[in-house]
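Good morning, colleagues. Please have the sequence and the coordinates open.

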Amino acid sequence: MSATKTASAPATASVRWVLTSLSLSMLLSSLGTSSANVALPALADAFGVSFQAVQWVVLAYLLAITTLIVSVGRLGDIVGRRRLLLAGIALFTAASVLCGLTPAFPLLVAVRVVQGIGAAIMMALTMAFVGEAVAKEKTGSAMGLIGTMSAIGTALGPSLGGALLAGPGWRAIFLVNVPLGLLALVLAHRHLPADKGNEGRERARFDVVGTLLLALSLGAYALAMTVGRGSFGALNVALLSVAAVGLALFLRVETKVASPLIRPAMLRDPVFSRGLSTNALVSTVMMATLVVGPFYLSRGLGLDAAMVGLVLSVGPVISAFGGVVAGRIVDRLGAGFVVTVGLAAMVAGCAALVLLPGLLGVAGYIAAIALLTPGYQLFQAANNTAVMADVSADRRGVVSGLVNLSRNLGLVTGASVLGAVFASAVGASEVSEAAPEAVARGMQVTFAVAGLLTVIALAIAVGGRALGKRIMRSGEASA
């Protein structure tokens, strides 16, 4: 009895250190986006470039993540996840040094691409390692912790970036990643489990053609959703056409190669496809709070910049404290049930955003966010747990990459589509010059659409679960 206890204590401590290193990796990749956003005006002044040009500091990073996250996840399955994650952390850290020291704007954009590659590796393999290092009955708690660190990175970025801008300057925003990156590298090197060998079996080949086609499709789609800043013209249509053709070619190639990047059978799996589609829809909805929220609080309610920042921090703070709790609820009640509960809470949160701010002002907005955000945390922890639950060890990296990809595509789509819905509902040529009543109307219309998208996600989740149970019962009856 005592021997069992002494054996389990080091194992528990080891798992905690593994989760610490993975959490730090997720924190860094989230900081890489949110902190850089704050620095854009300072970067435009420092390098003497236009607002449109300086947007590429953020866009280059996001494009690198979006186009490569699935491919690097699969590469980790082939060459070893520990080895590749260490390389990704090192790459991110080295790129942070170069970003902070670069003398020219084109070089800064190029290095941000490299930093984005490192972030893609960290994001894809962090979730894959959870299934490898944590007992199945504790997976929900671990997923909740990873989600918490992502929320902390998102919440910390603007305030940390603002403080560094006011003090050392914009270079410190990138250089602050260096000590954190080195710490993550040391912890990961010491505590991540060693890669399993390939003795006795042939190592799978990396699907180069599929990787290039998928990267082309995803890059074209992300650009189509971001260029034009809300207006949709010929360039956007051309990019969407390229994305559609590239995706069709990709799916055709995947049915013919011996070792595909994504097995077509995976996409036919109901749990997997349901998880990815609902994840994309929910991320689209959550992006509305980041796109519409600041305009409504400043123009619709007349808050000053300090109060806007304070109110906007409510959601990320709730996420930071609620992620682990959400994960424990998933472990106790089951992923499928908690997905439904989380989505139902999000539907209620969207409805509250349509109704309460107009009645109660700032208090109504905060109350609605306090309902929407925990619902999102419950959904995210449960959905990630469900999707990763029965994935074979040799495909965890690519599946983790696909989960993160669906989230990123939802965020990109939400910024474009729901931003356009908001602008159209406001009805003014410049949202910043619109009357408070018009901004309030735009807010209500946007979250009515967001609520409809969440209802669709809930229908997919509930309908999929019911169909799965029916198929299971018919299979048992026939047996």
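Helices here are DSSP runs of H or I with at least four residues, numbered from the N terminus. The model is predicted, so to speak of provenance: local features need pLDDT of at least 70, side-chain atom pairs count only at pLDDT 80 or more, and totals for chains, interfaces and linings use all residues. Residues are numbered from 1 along each chain as its sequence is written, and side-chain values use heavy atoms, with hydrogens and water left out.

The patch consists of Val325, Ile329, Leu333, Phe337 and Val341, which together have about 400 Å² of accessible area on the surface. Areas come from the Shrake-Rupley method with a 1.4 Å probe, and for residues only the protein chains shown count as cover. A patch takes residues with over 30% relative accessible area and no salt bridge; nonpolar side chains (Val, Leu, Ile, Met, Phe, Trp, Tyr) are joined within 5 Å, and like charges within 9 Å. Helix 15 gives the most to this patch, namely three residues.

Ile329 has its place in helix 15. Why does Ile329 count as partly exposed? Because its relative accessibility is 32%, and the partly exposed class lies between buried, under 20% relative accessible area, and exposed, over 50% (1.4 Å probe, protein chains only). On the other hand, helix 15 also has buried residues, among them Gly315, Ser319, Gly323 and Ala326.

Let me turn to helix geometry. Helix 15 has 20 residues and reaches 27 Å from first C-alpha to last, close to the 28 Å expected at 1.5 Å a residue. That expected span is 1.5 Å times one less than the number of residues. At Gly322, helix 15 bends by about 45°, the bend being the angle between axes fitted to the seven residues ending there and the seven starting there. Gly334 follows helix 15 and has a positive phi, near 100°.

Helix 18, residues 396-426, has 31 residues and reaches 44 Å between its first and last C-alpha, close to the expected 45 Å. Helix 18 bends by about 30° at Gly414. Of its 31 residues, 24 are buried, and helix 18 is thus described as mostly covered. Gly427 comes after helix 18, also with a positive phi, near 80°.

Finally, the charged pairs. How many salt bridges does the count come to? The count is two, where a salt bridge is a side-chain nitrogen of Lys or Arg within 4 Å of a carboxyl oxygen of Asp or Glu. Arg74 pairs with Asp77, the closest N and O atoms being 3.9 Å apart. Both Arg74 and Asp77 lie in helix 4, residues 56-79, three residues apart, about one turn of the helix. An α-helix has 3.6 residues a turn, so residues three or four places apart point the same way. Arg74 is buried at a relative accessible area of 5%, and Asp77 is buried at 14%. Arg81 meets Asp77 in a salt bridge of 2.5 Å, N to O.

Key
Helices (H or I, at least four residues) and strands (E, at least two) are DSSP runs, numbered from the N terminus.
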